[in-house]
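Thanks for coming, everyone. I'll keep this brief. Please look at the structure as I put it up.

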Amino acid sequence: MTDTQSEKDTTEEAPDFAATLLDIGRGKTHRDLSEQLCEVIKACTATGKGGKLQLTLNFKPQKGTGAVFVTADVKAARPKFDAEPSIFYATDEGALVRNDPNQQPLY
């Protein structure tokens with residue numbers, strides 16, 4: 001790489017990512033990201049736990065045409081509430097029962 005090429009590479013303005021994102025999948029990717037963002041934020045505030053929203057862009061050039069195929073994959077990881085435990089008692093036979101077998105019933 002020559003100094004001229006290096007200067008040219010650093011002086012060119014990068015394409016606007018947000019504008020490009022709006023065009024991927026005719027806007028479907030942007031809509032999906034927006035919807036998933038809302039869902040993750042709602043789940044985070046409801047559970048008090050962290051979540052995650054991930055966008056993966058895949059690029060595949062089409063040989064001899066200058067065209068590039070772009071596909072997007074959106075994955076959301078919403079936090080969940082902890083499951084409420086149920087209380088059971090184990091019998092000598094290995095069964096689970098709701099009432100303590102070692103305690104006399106009150107009525």
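Let's start in helix α3, which covers residues 28-47; glutamine 36 lies there. One caution before we go on: this is a predicted model.

Is glutamine 36 buried or exposed? Its relative accessible area is 18%. The cut-off for buried is under 20%, so glutamine 36 counts as buried.

What does glutamine 36 touch? Leaving out residues up to four places away in sequence, glutamine 36 touches Leu53, Val74, Ala76 and Arg78. With arginine 78 there is also a polar contact, side chain to side chain, at 2.8 Å.

Now pick out Leu53 from that list. Leucine 53 sits in strand β1, residues 52-61. Its relative accessibility is 31%, so leucine 53 counts as partly exposed.

Next stop, a loop. Find β2, residues 68-77, and β3, residues 89-90; aspartate 82 is in the loop between them. Aspartate 82 has 58% relative accessibility. Exposed means over 50%, so aspartate 82 counts as exposed.

Which side chain does the side chain of aspartate 82 meet in a polar contact? That is lysine 49, at 2.5 Å.

In sequence, 35 residues separate aspartate 82 from threonine 47. In space, their C-alpha atoms are 8.5 Å apart.

That's my tour. Questions, please.

Methods
Residues are numbered from 1 along each chain as its sequence is written. This is a predicted model: local features need pLDDT of at least 70, side-chain atom pairs count only at pLDDT 80 or more; totals for chains, interfaces and linings use all residues. Side-chain values use heavy atoms; hydrogens and water are left out. Helices (H or I, at least four residues) and strands (E, at least two) are DSSP runs, numbered from the N terminus. Buried means under 20% relative accessible area, exposed over 50%, partly exposed in between (1.4 Å probe, protein chains only). A polar contact is a pair of N or O atoms within 3.5 Å; within protein, one must be able to donate a hydrogen and the other to accept it, and residues adjacent in sequence count only if both atoms are side-chain atoms. Contact means heavy atoms within 4.5 Å.
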